[in-house]
Amino acid sequence: MAAARGQKTLATLVKSLRSGPISNCNAPRLRHLPSLRRTFSLYDQINLIDSVPEDQLRFQSYDDTGFKINNVKYEGSLLIVENKIMTWAPKTFADITAESLSIFKVVHPIPEILILGCGKYVQPVSPELRKFIRSTGMKLEAIDSRNVASTYNILNEEGRPVAAAVLPFGVDS
């Protein structure tokens, strides 16, 4: 009986709140927050990396087969070291080995961080590959290839020594 009375009271309260402000309340009526869609679309129009010097690389877009960097479309997997772009042999995440990253045995100065673009989904990095990357002195950030672009751009803009080894976004294993 008490439960039925509570439900009826709750229904009455909800109905009164929907009908408008309570008549004996002097508090001002709350305004609705702006639409999140409109808020995000305003932020999408702001480009934070337009001031990057011309000699620095900038990811501008990606698709399932490659990336657009500094107004040039590159197909396939890429290895980016010291602001230089190279094609990279691995076609799937399973192809990424210490041997495929062996350039980091000879590169000096060694980048602070290696951003590993795993394709469409983040993949677990094998202990052997983690050990190799650690042995070079780099930190590893394994993320999906879509997010490699923005992460690389931000770190590069900050002037941090960063490298990227990235599979195209369309790779899903």
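Start with helix 4, which lies across strand 4, strand 6 (113–117), strand 7 and strand 8. Relative to strand 6, helix 4 runs at about 160°. Keep in mind that this is a predicted model.

Now the sheet. As a reminder, strands of a sheet pair through backbone hydrogen bonds, either parallel or antiparallel. Here five strands make an open sheet, and their order is 5-4-8-6-7, with mixed pairing. Which strands stand at the edges? They are strand 5 (84–87) and strand 7; each has a single partner strand, so one side of each has no neighbour in the sheet. From one strand to the next, the twist averages 15°.

If you want a residue to look for, take I80, whose bridge partner in strand 8 is A164.

Next, the residue. D144 sits in the loop between strand 7 (139–143) and helix 4 (145–157). Is D144 buried or exposed? Its relative accessibility is 10%, and buried means under 20%, so D144 counts as buried.

What does the side chain of D144 meet? There is a polar contact of 2.8 Å between the side chains of D144 and N147. Leaving aside neighbours within four places in sequence, D144 is in contact with C118, G119, K120, Y121, V122 and F169.

Definitions and conventions. Residues numbered from 1 in each chain as written. Predicted model: local features only at pLDDT ≥ 70, side-chain atom pairs only at ≥ 80, totals over all residues. Heavy atoms only, no water. Helix = DSSP H or I, 4+ residues; strand = E, 2+ residues; numbered from the N terminus. Buried < 20%, exposed > 50% of the residue type's maximum accessible area, 1.4 Å probe, protein only. Polar contact = N/O pair within 3.5 Å; in protein donor to acceptor, adjacent residues only side chain to side chain. Contact = heavy atoms within 4.5 Å. Pairing = 2+ DSSP bridges. Axes fitted to C-alpha atoms, helices over the stretch in contact; angles between N-to-C directions.
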